[in-house]
Amino acid sequence: MARSWLILSALIAGLALGAGWTRLGLGGISDAVALAASVGGVWLDGLRMTIVPLVVSLLITGIAKTADSARGDRVAMRSVVTFIALLWVSTAMAAVLVPALLGVFPMPTDAARSLAASLSVSAPVDAPTVGIAAFLRSIVPSNPVAAAANDALLPLILFTAVFAVALARLPAAQREPVTAFFDTIANAVLLIVGWVLALAPIGVLALAFGV
């Protein structure tokens, strides 16, 4: 609770500092914003770097420790259905909430112009629409390592779930060393997450100031 209040205080302080600096017309605002963006970006990258190893290790240990050989196929089917359902729900929520949020908090003119310019360059008007077949193929990774490198979480999670179910069907002598390995990784990454979150007030202050 104390950390939550400290982070909230840092957010308010960063917003107030940035607004006050701009309103008072003090010099060096560009350099200060650039420095704050760098500090906040480093903190966000430190938090992002834990996502893939943490998701993979927790998913493998969670499934492998609880699923037995007789229930392996059932667990796999439930995992696949759950991941697909979550993807569709998140897509529907984004389609509804993003326009509503943009209506309440409109994008600045310069940012909207830059976004429109980038989209007009990177995406041609006659680009083919992605169909359901292409979507279904996209969730099965041909290269799980590449999926992890590209932060493609849904294909990575699907592969990890299938791998964990297969691992759960192996004999205990083969399964337990692998499970212990990923359990150790999860504990180490959680320790890193704790270190990064300890710096959250600094990161949030910098990000809020840069806004």
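The following dialogue explains how several terms apply to this predicted model.

Biologist: How many helices and strands does the protein chain have?

Modeller: The protein chain has 10 helices and 0 strands. The elements are DSSP runs numbered from the N terminus, a helix being H or I with at least four residues and a strand being E with at least two. From the N terminus on, the order is α-α-α-α-α-α-α-α-α-α.

Biologist: Why is Thr-61 called buried?

Modeller: Buried means under 20% relative accessible area, exposed means over 50%, and partly exposed lies in between, with a 1.4 Å probe and protein chains only. Thr-61 has a relative accessible area of 6%, and therefore counts as buried. Thr-61 belongs to helix α3, residues 51-66. Across the 211 residues of the protein chain, 25% count as buried.

Biologist: What makes the approach of Thr-61 to Ser-57 a polar contact?

Modeller: A polar contact is a pair of N or O atoms within 3.5 Å; within protein, one must be able to donate a hydrogen and the other to accept it, and residues adjacent in sequence count only if both atoms are side-chain atoms. A polar atom of the Thr-61 side chain lies 2.8 Å from the backbone oxygen of Ser-57. The Thr-61 side chain also reaches the backbone oxygen of Leu-58, at 3.1 Å.

Biologist: Which residues does Thr-61 contact, leaving aside its neighbours within four places in sequence?

Modeller: Contact means heavy atoms within 4.5 Å. With those neighbours set aside, Thr-61 is in contact with Thr-179, Phe-182 and Asp-183. Thr-179 lies in helix α9, residues 172-198, and is called buried because its relative accessibility is 7%. Not counting residues up to four places away in sequence, Thr-179 touches Thr-61, Ala-64, Lys-65 and Leu-167.

Biologist: How many aromatic pairs does the structure hold?

Modeller: The structure holds 2 aromatic pairs. One of them joins Phe-159 and Phe-163, with 6.2 Å centre to centre and 25° between the planes, and is stacked. Rings of Phe, Tyr and Trp (its six-membered ring) pair if their centres lie within 6.5 Å; planes under 30 degrees apart count as stacked, over 60 as edge-to-face and the rest as tilted. Phe-159 and Phe-163 both lie in helix α8 (residues 153-168), 4 residues apart, about one turn of the helix. Phe-159 has a relative accessible area of 37%, so it is partly exposed. Phe-163 is likewise partly exposed because its relative accessibility is 33%.

Biologist: Why is the pair of Phe-181 and Phe-182 called edge-to-face?

Modeller: The rings of Phe-181 and Phe-182 are 5.2 Å apart centre to centre with 75° between the planes, and the pair is therefore edge-to-face. Phe-182 counts as buried, because its relative accessibility is 16%.

Biologist: Which residues have the most contacts inside the largest nonpolar core?

Modeller: A nonpolar core is a set of buried Ala, Val, Leu, Ile, Met, Phe, Trp, Tyr and Cys residues joined through side-chain atoms within 4.5 Å. The largest has 14 residues, and those with the most contacts inside it are Val-56, Leu-59, Ile-60, Ile-63 and Leu-156. Helices α3 and α8 each supply at least two residues of this core. Leaving aside neighbours within four places in sequence, the contacts of Ile-60 include Thr-160, Phe-163 and Phe-182.

Biologist: How do you know that Arg-48 and Asp-45 form a salt bridge?

Modeller: A salt bridge is a side-chain nitrogen of Lys or Arg within 4 Å of a carboxyl oxygen of Asp or Glu. The side chains of Arg-48 and Asp-45 meet at 2.9 Å, N to O, in a salt bridge. A search of the whole structure finds 1 salt bridge. Both residues lie in helix α2 (residues 29-48), 3 residues apart, about one turn of the helix. Asp-45 is called partly exposed because its relative accessible area is 44%.

Biologist: Is Pro-201 buried or exposed?

Modeller: Pro-201 has 15% relative accessibility and therefore counts as buried. Pro-201 is found in helix α10, residues 200-210. The C-alpha atoms of Pro-201 and Trp-5 are separated by 9.6 Å, although these residues are 196 residues apart along the chain.

Note on methods: Residues numbered from 1 in each chain as written. Predicted model: local features only at pLDDT ≥ 70, side-chain atom pairs only at ≥ 80, totals over all residues. Heavy atoms only, no water.
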